[in-house]
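Let's take a friendly walk through one protein chain, looking at how some of its side chains meet their surroundings. Have the sequence and the 3D view ready as you read.

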Amino acid sequence: SSNWSSIARMVKNHCHWICAECGKDCTNTPEELTVHHIDENKANESLSNLQPLCKACHAKKHPNKPHYK
């Protein structure tokens, strides 16, 4: 959505820029932290469906999507 960047920032701020999967601190490398849609439905921007993940962990969630690597 047009709000995605602010929603994603809110998720990242809420977790203090730490990957929910491996615990990597991305404070100094903010471009490393992404936001994963747990149900893989990009239209579902409910906070309970969003998980902060570093790029490596996000790629593991989407093994068949090369653009996540």
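A polar contact is a pair of N or O atoms within 3.5 Å; within protein, one must be able to donate a hydrogen and the other to accept it, and residues adjacent in sequence count only if both atoms are side-chain atoms. This is a predicted model, where local features need pLDDT of at least 70 and side-chain atom pairs count only at pLDDT 80 or more, while totals for chains, interfaces and linings use all residues. Residues are numbered from 1 along each chain as its sequence is written, and side-chain values use heavy atoms, with hydrogens and water left out.

**Asparagine 49**

Find asparagine 49 in the loop between β1 and β2 (50-54); helices (H or I, at least four residues) and strands (E, at least two) are DSSP runs, numbered from the N terminus. A polar atom of the asparagine 49 side chain lies 2.8 Å from the backbone nitrogen of aspartate 39. The side chain of asparagine 49 also reaches the backbone oxygen of asparagine 44, at 2.9 Å. Leaving aside neighbours within four places in sequence, asparagine 49 has contacts (heavy atoms within 4.5 Å) that include His36, His37 and Ile38.

Is asparagine 49 buried or exposed? Its relative accessible area is 5%, so asparagine 49 is buried. Buried means under 20% relative accessible area, exposed over 50%, and partly exposed in between (1.4 Å probe, protein chains only).

**Salt bridges**

A salt bridge needs a side-chain nitrogen of Lys or Arg within 4 Å of a carboxyl oxygen of Asp or Glu. By this rule, the count is two salt bridges.

| Salt bridge | N to O distance |
|---|---|
| glutamate 21 and lysine 61 | 3.4 Å |
| lysine 24 and glutamate 32 | 3.4 Å |

The pair of glutamate 21 and lysine 61 links distant parts of the chain, 40 residues apart. Glutamate 21 sits in the loop between α1 (4-14) and β1 (33-37), and lysine 61 in helix α2 (residues 55-61). Glutamate 21 is partly exposed at 46% relative accessibility, and lysine 61 is partly exposed at 32%. In the other pair, lysine 24 is partly exposed at 34%, and glutamate 32 is partly exposed at 24%.

**Cysteines**

A disulfide is a covalent bond between the sulfur atoms of two cysteines. Here the cut-off for the two sulfur atoms is within 2.5 Å, and the structure holds zero disulfides. For cysteine 15, the nearest cysteine sulfur, that of cysteine 26, is 8.3 Å away. Cysteine 19 is buried, because its relative accessibility is 3%.
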